[in-house]
Amino acid sequence: MEQIQFPKDFLWGSATASFQIEGAGEPAQRGESIWDRYCRTPGNILDGSDGKTACDHFHRFEEDVRLMEQLGLHSYRLSVSWPRILPEGMGRVHQDGLNFYKRLLECLRTHRIQPLVTLYHWDLPQRLQERGGWQNRETVDAFVAYAEILFRELRPWVNNWVTFNEPYCTAFLGHWVGRHAPGIRDYAAAVQVSHHLLLAHGKTVRLLRQTTPNAKIGIVLNMNSYYPHQNTEEDRRAAEWNYQAWNSWFADPIFKGGYPQEVLALYEAEGLAPRREPGDMALIHQPIDFLGLNHYFSETVSANPDVWPTRSETHPLGDTRTAMGWGVYPQGIHDLLARLDRDYQHPPIFITENGAAYPDHPAEDGLVRDPERQDYLARYLYQVHRAIREGVDVRGYYLWSLMDNFEWAFGYTKRFGIVYVDYATQARTVKQSGHWYANVIQNNGFVYDGAGQPAEASKANPS
């Protein structure tokens, strides 16, 4: 048995996203987003569903905040729906939408829960998409204007901001793989979108420094650890190339002021390099207050010259699989944290998403038992704590997700929550893992048996 004790001021939270939980998706309540349009295309969503109702958080936020308080959350990471604030993406402000977030934030303050507000979690207003979306450089300035409204209007409640959630997904899943909105399949477009997202991030950071200098701001990047599939020079090079292409491509411009040279050289040779204007990289290279890290799984990589453009294939890594088919390999989060600490000179890091989907259902007694998720969380938290012991500056952990929700292209078929949602009745039930996480927060740690199964968190000594 090993007692895991986190630093005294460690921040414990959970996370959600606007389109995934809010509902209230009628035209009178918010403008159309690219995800509304994407959901209406047959075959895009596994169960044919959409986000119009989701978890009805728009109407039930007070109940949900009480659940957060019951769980003992210190902080709640939420996102704002851009089309709920600006139905056309720019111009007219929808005051009812703005008032919703003010009421939610006031409720959080009443219950002593600190908000971490994400400006963009994938729901671009459809009207901006019709003008080119993130491929159009004008969208960068539209985003900055949207951010300025939120900085001004929500300043009394919000001190901690995130510019973008997972720009990799917006760029490459949305514009190359086509599995996310807007469903485009064009690699060059994806690379250009990645540059515009980073540029919008940098301009928004600069704006906050000018308007609210005491506020904190960062970005959330989703990153995996990559390992060679076989112990060969070819596979080692392929693993490193994947790390550079999917992780460093987004982090290096922010922390170092330039794209990773090997990846950029390939893009230039293939005619895929993003169009840049003088001063762009300096704008992106703004100092940030923290890096938000989303991590779910790791992969091995094998070289394959026939696969374009990566010249490699990836394979799930781990002893078990979640309902998403993702391998469970907790060491990956430790190794990733150690590398980020080394590559970027010890940045403050928050784990802004980590969690697992499993096929949860209430038993006859009404309880939702999910030991696999509890095991997953304990094993990954153990590795986070290991990185902290080794000197990595990890300051908090946001579990994904507070509640079951609309899981993008999978619809309502995957459950990530520590709170079970009955979508027919909207009833909420805290799962076994939720009660376990509440004990972890209360004790600022837990007892771990070293074999993959967490002991009772209540046995840990309070900090």
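**Setting up.** I number residues from 1 along each chain as its sequence is written, and side-chain values use heavy atoms, leaving out hydrogens and water. Because the model is predicted, local features need pLDDT of at least 70 and side-chain atom pairs count only at pLDDT 80 or more, while totals for chains, interfaces and linings use all residues.

Buried here means under 20% relative accessible area, with a 1.4 Å probe and protein chains only. Helices (H or I, at least four residues) and strands (E, at least two) are DSSP runs, numbered from the N terminus.

**W161.** I then listed its contacts (heavy atoms within 4.5 Å), which include L116, F151, L208 and F290.

**Strand β9.** Five of the six residues of β9 (298-303) are buried. I checked its partners, where pairing takes at least two DSSP bridges. β7 (226-228) runs parallel to β9, with three bridges, and β10 (312-317) runs antiparallel, with six. T300 stands opposite Y227 and also opposite H315 in β10.

**Helix α8.** This helix (167-177) is largely enclosed by the rest of the structure, because nine of its 11 residues are buried. F172 is one of the buried residues. What covers them includes β4, β5, α9, β6, α10 and α11.

Conventions:
Buried means under 20% relative accessible area, exposed over 50%, partly exposed in between (1.4 Å probe, protein chains only). Lists of a residue's contacts leave out its neighbours within four places in sequence.
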